[in-house]
Amino acid sequence: MRVRVGCEFVQRAENRVPAIVQVEPRPDTVTKLARSSLDNQPPAPSATYFDGFGNLCRRLTFPAGPSTLRYDALVDIPPVEDPVDLTAEEIPAEQLPSETLLFTLPSRFCPSDELGTVAFELFAGVKPGWSRVQAICDWVHDAVAFGYGTSGPTTTASHVFESRKGVCRDFAHLMVTFCRARIGRGRDALSTSQ
């Protein structure tokens with residue numbers, strides 16, 4: 001299946017602003033780029049690197065004044081559904097491998113410490129494992145409205161929960177926050193499929 005993806009960032013800066021943007025897909029995914037383009041007006045030189053998680057990052061400096069960065073691509077995606085494992089279990093926090101604990105902590109965009117009580121109230125009664133994670137995804141999908149311009153660079157999952165509006169990344173941040181919040185409350189947590 002061929003899908004068109006892209007984004008546009010329009011900004012106005014008082015001074016030159018060094019930036020790192022992550023808008024291009026990872027090269028190690030099952031997708032294949034049929035075509036892609038990155039355009040910055042006015043033109044700005046850029047360079048790419050991979051961060052510690054394997055994400056493709058692009059460094060550039062936005063000039064003072066108005067500028068627009070556009071990414072556009074055609075992506076070939078295999079016509080397969082996401083895997084489902086209804087038997088996936090939640091692993092108690094104390095049994096998680098030490099190297100995974102970093103991913104359970106509150107972060108800038110996913111302040112699970114702020115939404116821990118809400119997560120517990122909404123999802124404590126849901127069967128642990130795949131069912132609970134699916135319930136979190138379903139709740140966010142149903143409760144949050146998608147809308148361009150409804151969030152900005154400092155929007156957190158807490159803001160999205162309060163406003164019930166966001167863009168794609170905000171949906172993901174709220175889901176991750178609720179999953180992490182279960183861990184943060186010392187209860188069973190993370191869904192894994194082995």
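Leaving aside neighbours within four places in sequence, which residues is Thr150 in contact with? They are Lys165, Gly166 and Val167, where contact means heavy atoms within 4.5 Å.

## Basis of the report

This is a predicted model, in which local features need pLDDT of at least 70 and side-chain atom pairs count only at pLDDT 80 or more, while totals for chains, interfaces and linings use all residues. Residues are numbered from 1 along each chain as its sequence is written, and side-chain values use heavy atoms, with hydrogens and water left out.

## The chain as a whole

The chain has four helices and ten strands. Helices (H or I, at least four residues) and strands (E, at least two) are DSSP runs, numbered from the N terminus. Read from the N terminus, the order of elements is β-β-β-β-β-β-β-α-α-β-α-β-α-β.

Taken along the principal axes, the C-alpha atoms fill a box of roughly 55 × 40 × 35 Å. The chain has 194 residues, and 30% of them count as buried. Buried means under 20% relative accessible area, exposed means over 50%, and partly exposed lies in between (1.4 Å probe, protein chains only). Among the contacts with a separation of 6 or more, 74% are between residues 24 or more positions apart.

## Around Thr150

Thr150 is in the loop between β8 (145–146) and α3 (157–163). Its relative accessibility is 32%, so Thr150 counts as partly exposed. The side chain of Thr150 reaches the backbone nitrogen of Gly166 at 3.3 Å. This is a polar contact, a pair of N or O atoms within 3.5 Å; within protein, one must be able to donate a hydrogen and the other to accept it, and residues adjacent in sequence count only if both atoms are side-chain atoms.

Thr150 can also be compared with Ser163: the two are 13 residues apart in sequence, and their C-alpha atoms are 9.0 Å apart in space.

## Aromatic pairs

Seven aromatic pairs are found in a search of the whole structure. Rings of Phe, Tyr and Trp (its six-membered ring) pair if their centres lie within 6.5 Å; planes under 30 degrees apart count as stacked, over 60 as edge-to-face and the rest as tilted. One of the pairs is Phe123 with Trp139, which is edge-to-face, at 6.5 Å centre to centre and 90 degrees between the planes. Phe123 is in helix α1 (residues 112–123) and Trp139 is in helix α2 (residues 130–143), so this pair ties together parts that are 16 residues apart in sequence. Phe123 has 2% relative accessibility and therefore counts as buried.

The ring centres of Phe161 and Phe178 are 6.2 Å apart and the planes are at 85 degrees, so this pair is edge-to-face. Phe161 belongs to helix α3 and Phe178 to helix α4 (residues 168–184), so the pair ties together parts 17 residues apart in sequence. Phe161 counts as buried because its relative accessibility is 16%, and Phe178 counts as buried because its relative accessibility is 0%. Phe123, Trp139, Phe161 and Phe178 form one aromatic cluster.

## Arginines over rings

The charged end of Arg164 sits over the ring of Phe161, 4.4 Å from the ring centre. The rule for a charge over a ring is that NZ of Lys or CZ of Arg is within 6 Å of the ring centre and within 35 degrees of the ring normal. Arg169 lies over the face of Phe109, at 5.1 Å from the ring centre.

Arg164 is in the loop between α3 and β9 (165–166). Although not a glycine, Arg164 has a positive phi of about 60 degrees. Its relative accessible area is 32%, so Arg164 is partly exposed.

Helix α2 has 14 residues, which should span 20 Å at 1.5 Å a residue; the end C-alpha atoms are 20 Å apart, which agrees. The expected span is 1.5 Å times one less than the number of residues. The buried residues of α2 are Arg132, Ile136 and Val140. Seen down the axis of α2, these buried residues fall within an arc of 75 degrees, so they line one face of the helix. The arc is that of the directions from the helix axis to the C-beta atoms. On the other side of α2, His141 and Asp142 are exposed.

Helix α1 has twelve residues, but its end C-alpha atoms are only 14 Å apart, short of the 16 Å that a straight helix would reach at 1.5 Å a residue. Buried residues in α1 include Ser112, Leu115 and Phe123.
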